[in-house]
Amino acid sequence: MKRRFSIDRFLAQRLGVSLITLVALLTVIPIIGVFGYIIAKGAPAISWEFLTAMPRDGMRAGGILPAIVGTFYLTLGTAVFSVPLGIAAAIYLAEYAQENWLTRLIRIAIINLAGIPSVVYGLFGLGLFVLFLKFGTSILAASLTLSIMTLPVIISAAEEALRAVPQSFRTVSISLGGTRWQTIRKIVLPQALPGIMTGVILGLERAAGETAPILFTGAAFFLPRLPGSPLDATMALPYHLFVISTQVPDMPIQIQYGTALVLIIFVLGMNLIATVIRSRARAKRQW
Amino acid sequence: MVDKIVIQNLSLQYADGTESLRDISLSIPSNAITVLFGPAGGGKSSLLRCLNRLNDLTEVRAASGKILLDGENILDPKTDVIALRRRVGMVFARPVVLPMSIRGNMVYGLELAGEKRRFKLDEAVERGLKLAALWDEVQDRLDDPAITLSGGQQQRLCLARVLANQPEVILLDEPTSGLDPISTGKVETALQELKKNYTIILVPHSVQQAARTADFAAFFLQGELVEAAEGKEIFTHPKQKRTEDYVEGRFG
Amino acid sequence: MDKSLNWRETIITAVVKTCGYSAIVFVILIFFFLLREGVPALAEVKLGDLLTARWYPIENHFGILPLLTGSLIVTVGAMLIAIPFGIGTAVFLSEIAPRWMREILKPLVEILGGLPSVVLGFLGILVLSPFLRVFLDLPTGLTALAGALLLGGIAVPTTVSIAEDALDAVPLSYREGALALGATKWQTIWRVTLPAARSGVLTALMLGIGRTIGETMAVMMVTGNAPVLAVRLTSIFSPVRTLTATIAAEMGEVANGSTHYHVLFFIGLVLFLISLAVNITASSVVFKSKKRAERVLS
């Protein structure tokens with residue numbers, strides 16, 4: 001009887017491990033497939049002209065420069081609003097706030113902001129920035145909308161980076177006659193900066209790839225010129241990809257894949273930068 | 001000998017109301033080493049942290065009593081705690097070097113105070129490191145990260161860092177508890193030199209260290225000040241039985 | 001010098017505090033605006049009419065039931081995929097794969113998580129739905145199934161990432177203890193490690209669900225956008241329309257202030273409240289299981 005028991009267990013083990021490995025393979029292979037496919041189909045479209053020229057023939061030829069520039073502006077705009085606000089809020093949570101009901105409420109609010117569907121942000125942006133504040137469909141309205149959406153990501157990452165700095169540094173600084181802000185400015189913030197930057201870049205990476213929040217707040221499909229001011233509407237890579245793949249007849253497949261590839265490279269490039277910052281900081285750490 | 005610090009009827013409490021120290025009255029003379037010793041939980045560290053108002057960061061508050069530094073009560077809410085912490089410096093049990101160079105650590109306190117003049121800063125670096133008996137070992141590598149120093153050197157750097165601020169009182173909370181005997185000896189020798197110009201209050205990590213270094217000593221047991229006397233007296237002829245039991249090693 | 005230091009300290013503290021409260025302000029602001037533009041819908045369209053099964057705004061039919069079922073079927077389908085694949089892959093990475101494999105695969109999975117959903121929708125149109133159409137012999141590949149598959153693919157990276165972190169955080173001593181008692185690796189995983197990581201894994205699932213409910217572009221591109229009630233099991237092979245896709249697709253064409261406009265905002269309000277409910281449930285679930293764990297360990 002003992003014999004049979006141990007065979008069953010090990011058989012179960014082998015079956016189980018095989019099953020799990022199969023599941024993992026089924027997850028990982030499509031991921032590699034997705035990238036490989038887009039790279040293979042999109043690479044032929046990438047050329048200097050594609051990246052730097054304006055589109056022609058109703059977007060069916062030429063380049064996608066305005067979309068690239070537009071995404072760049074939107075990312076910049078998002079950074080301008082969300083980064084200072086997010087870091088300051090994180091400093092409050094990590095260095096000033098006490099554990100009471102108000103702090104708990106703030107944390108719940110952050111979790112909720114993170115969970116709101118992106119299209120609802122678009123609605124909100126439309127209601128507040130485009131209509132109520134009369135900014136119109138503009139880079140400004142879209143950036144503000146994207147900023148609020150990016151805020152929870154930045155706050156979470158920044159707070160974690162600040163908390164990772166050892167408490168003993170703060171104690172020493174205070175004991176040498178430092179104020180709380182001096183301690184933050186001279187020690188805590190500089191030490192947390194790599195972690196904060198990683199979080200910021202990952203947050204901005206998400207903002208760069210979002211379509212729904214900019215649908216009614218700033219994105220336009222066909223603009224003859226590059227945007228001249230924050231109150232202009234703009235083209236943007238994700239929105240461009242959406243329209244050319246669903247609403248434009250006779251759109252050359254190659255341009256579609258090319259656009260998708262450019263968007264992926266933009267987003268993954270940011271990811272790469274964030275990863276490099278993170279590992280270099282870990283190596284240089286003095287604690 | 002003038003009393004630098006006078007503690008009058010001090011009682012300390014944790015946030016939940018439990019007592020840490022009960023009705024302590026103690027005079028601390030200047031230009032001497034006063035040792036606060038006793039088994040763990042006696043309230044010595046809490047008392048030390050009150051002397052530079054570092055208890056503001058923790059949950060320990062003074063329920064009643066006064067602490068007079070040169071005659072002025074530092075527990076008064078109107079006290080300028082920033083200035084106080086420059087006058088009363090602290091060295092902690094584990095060496096905590098700031099994540100910067102040796103020079104950066106040394107000038108940190110002065111930079112907090114707004115000192116920018118290069119010659120003043122350089123002067124303070126050399127002075128502090130010499131007083132802590134570390135200058136010879138690091139004078140050629142002041143720009144190296146402080147974390148590259150050995151444990152004993154780091155702790156002496158912490159002492160030097162405090163000295164750069166030109167304090168009047170130096171508090172040391174078990175400063176040699178993680179150090180090897182040679183480093184411990186260097187620290188104790190430095191303290192003997194320093195006491196000529198500073199008031200030193202030390203919480204030792206062993207009775208033996210207390211006996212080696214104390215000019216004056218106070219024995220704390222579970223929040224109560226049992227006995228305070230000159231160093232020679234308290235370790236050879238303690239008046240209280242509890243003190244004697246602890247010094248003899250019968251408990252602790 | 002000390003006086004000006006005091007002034008700066010006070011101002012900076014005030015600024016930081018204000019920024020800290022900003023998250024609450026924004027949530028309230030969003031809720032307020034959704035209410036402001038969405039509640040008029042209730043005045044213009046009777047609640048009973050909203051809950052009918054016919055969504056045809058041109059003729060003033062605003063029944064949102066088909067949209068609700070559309071969202072539901074796609075979300076449930078996505079979770080049916082994301083849960084086994086997400087947790088399975090997390091278990092593989094954390095417990096079975098050798099270290100070097102994990103170092104390569106984990107970032108790969110995370111990169112998929114960073115992929116914009118519009119790219120996945122794009123591939124869905126060009127690759128997935130033709131494949132489904134041919135493979136399953138359907139009239140069109142733009143179905144709830146396509147949506148569920150894509151959403152599952154979107155939810156998996158989030159789930160894997162967080163669940164793997166949770167499993168990794170389980171102390172080595174737990175596993176060693178079980179193995180020392182004679183358990184096989186497989187038994188250890190199922191009876192010791194996974195239960196110990198329960199709260200983290202649940203969080204991972206909740207966050208996956210949250211991402212699924214809120215997804216807009218990918219579903220809009222592949223689910224066919226037909227607001228048809230989806231209640232039968234075979235509905236998964238038909239086109240559907242989700243709440244999110246409805247807003248995205250129709251908002252651009254409505255007149256400002258019209259009934260249609262208000263109803264779309266009302267749908268947005270419903271989505272906001274659903275995600276609120278999911279998040280509050282998620283945090284209380286995590287909170288509760290943590291407390292249970294603390295009691296067990298003490």
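**Fold of chain B and its place in the model**

Buried residues account for 45% of the 252 residues in chain B, where buried is taken to be 20 or more other C-beta atoms within 10 Å of a residue's own, exposed 12 or fewer, and partly exposed in between, with C-beta atoms placed from the backbone. This is a predicted model, in which local features need pLDDT of at least 70 and side-chain atom pairs count only at pLDDT 80 or more, while totals for chains, interfaces and linings use all residues. Residues are numbered from 1 along each chain as its sequence is written, and chains are lettered from A and ligands numbered from 1 in the order in which they are written.

As for overall size, the C-alpha atoms of chain B fill a box of roughly 55 × 40 × 35 Å along the principal axes. A compact globule of 252 residues would have a radius of gyration near 18 Å, and chain B agrees at 18 Å; the radius is taken over C-alpha atoms, and the globule rule is 2.2 Å times the number of residues to the power 0.38. Of the contacts in chain B between residues at least 6 apart in sequence, 69% join residues at least 24 apart. Here a contact means that the C-beta atoms of two residues, placed from the backbone, lie within 7 Å.

Chain B has 10 helices and 10 strands, taken as DSSP runs numbered from the N terminus (helices are H or I with at least four residues, strands E with at least two). Some of the strands make up an open sheet of four, in the order β2-β1-β4-β5 of chain B, with antiparallel pairing; two strands pair if DSSP finds at least two bridges between them. At the edges are β2 (19-29) and β5 (72-73) of chain B, each of which pairs on one side only. Within this sheet, β1 (residues 3-13) and β4 (residues 61-69) of chain B run antiparallel and are joined by seven bridges, with B:V6 partnered by B:L68 in β4(B).

Helix α1 (residues 44-51) of chain B lies across β1, β2 and β4 of chain B, at about 60° to β2(B). Such angles run from 0 to 180 degrees between N-to-C directions, and axes are lines fitted to C-alpha atoms, for helices over the stretch in contact. The helix is well covered: eight of the eight residues of α1(B) are buried, and among them are B:K44, B:R49 and B:C50. After α1(B) comes B:R53, with a positive phi near 55°.

β6(B) runs parallel to β7 (residues 169-173) of chain B through four bridges, and B:M90 has B:L171 as its bridge partner in β7(B). Further into the order, β3 (residues 33-37) and β9 (residues 216-221) of chain B are also parallel, over four bridges, with B:L36 opposite B:A218 in β9(B). By contrast, β9(B) and β10(B) run antiparallel, joined by six bridges, and B:F216 pairs with B:E230 in β10(B). These two strands form a hairpin with two residues between them, and B:Q222 in the turn has a positive phi of about 50°.

Helix α6 (residues 151-164) of chain B has 14 residues that should span 20 Å at 1.5 Å a residue, and its end C-alpha atoms agree at 20 Å apart; the expected span is 1.5 Å times one less than the number of residues. In α6(B), 13 of the 14 residues are buried. B:Q166 follows α6(B) and has a positive phi, near 55°.

Turning to the interfaces, chain B brings 17 residues and chain A 15 residues to their contact. Helices α2 (81-87) and α3 (102-112) of chain B each supply at least two residues of the side touching chain A. That side of chain B has 12 nonpolar, three polar and two charged residues; Ala, Val, Leu, Ile, Met, Phe, Trp, Tyr, Cys and Pro count as nonpolar, Asp, Glu, Lys and Arg as charged, and the others, Gly among them, as polar. Elsewhere, 66 residues of chain A are in contact with 65 residues of chain C.
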